[in-house]
Amino acid sequence: MMIAIGTKNRAKVAAVEAVFADECDQIVPIAVDSGVAAQPFSDEETRMGAIYRAKQACAKAQADVGIGLEGGVVEIDGALWVCNWGALVDRNGTVICAGGARFPLPCEVAEEVLNGKELGEVMDEYTGKRNIRQKEGAVGVFTNGYVSRTDMFFHIVKLLAGQYEFFVKTNASRCQLPTT
Ligand SMILES: O=P(O)(O)OP(=O)(O)OP(=O)(O)OC[C@H]1O[C@@H](n2cnc3c(O)ncnc32)[C@H](O)[C@@H]1O
Ligand SMILES: [Mg+2]
């Protein structure tokens with residue numbers, strides 16, 4: 001089986017490798033468009049970005065399975081929270097999604113993001129380090145190293161892998177609520 005992942009971000013690629021390395025022949029990181037804003041601002045937009053990346057990666061690399069992982073922010077009760085979504089697609093049109101951890105950003109970081117900066121850029125300024133987004137991530141910084149960005153996406157990729165296995169095994173139907 002060949003898996004394509006729609007990013008070259010090392011923190012994301014490491015999470016996919018940790019879950020799938022033993023059971024697939026090839027894992028190909030491939031740069032793709034997310035189809036949404038560079039800084040998504042809702043769960044819906046972030047999830048859409050993950051699905052778009054997964055589809056693009058699968059098609060571009062002619063892989064058996066495509067995976068997309070996307071980070072975004074969402075406003076809840078006056079605070080800005082980081083949210084994370086993942087999607088797995090296959091050549092038969094199966095689309096599996098999973099949401100991951102969420103945590104609030106400190107005020108000074110949230111303000112910069114609300115003013116239009118990407119979280120990745122703000123995190124580098126805030127920490128005085130470079131490329132935090134490919135390393136421990138904002139989650140690593142704000143959990144004092146307890147949970148890295150790879151740990152966080154590892155959990156999401158496990159949710160994707162497990163659901164996919166269950167879906168293939170049982171051919172379970174997934175809920176599609178009627179649109180209003
Ligand atoms: O190359 P890609 O795959 O795009 O990796 P990315 O780091 O840009 O990740 P996303 O596009 O999924 O994330 C959207 C934005 O939120 C930022 N972001 C999300 N989670 C982050 C984290 O834990 N640490 C730092 N930046 C984060 C990210 O850098 C982007 O500015
Ligand atoms: Mg990005």
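Guide: The model is predicted: local features need pLDDT of at least 70, side-chain atom pairs count only at pLDDT 80 or more, and totals for chains, interfaces and linings use all residues. Residues are numbered from 1 along each chain as its sequence is written, while chains are lettered from A and ligands numbered from 1 in the order in which they are written.

Visitor: How do you know that the protein chain agrees with a compact globule?

Guide: The rule is 2.2 Å times the number of residues to the power 0.38, with the radius of gyration taken over C-alpha atoms. For 180 residues a compact globule would have a radius near 16 Å; the protein chain has 16 Å, so the two agree. Its C-alpha trace spans about 45 × 40 × 30 Å along the principal axes.

Visitor: What makes a residue buried?

Guide: It needs 20 or more other C-beta atoms within 10 Å of its own; 12 or fewer is exposed, in between is partly exposed, and C-beta atoms are placed from the backbone. Buried residues make up 42% of the 180 in the protein chain.

Visitor: What makes a run count as a helix or a strand?

Guide: Helices are DSSP runs of H or I, at least four residues; strands are runs of E, at least two; both are numbered from the N terminus. The protein chain has 6 helices and 6 strands. From the N terminus, the order is β-α-β-α-β-β-β-β-α-α-α-α.
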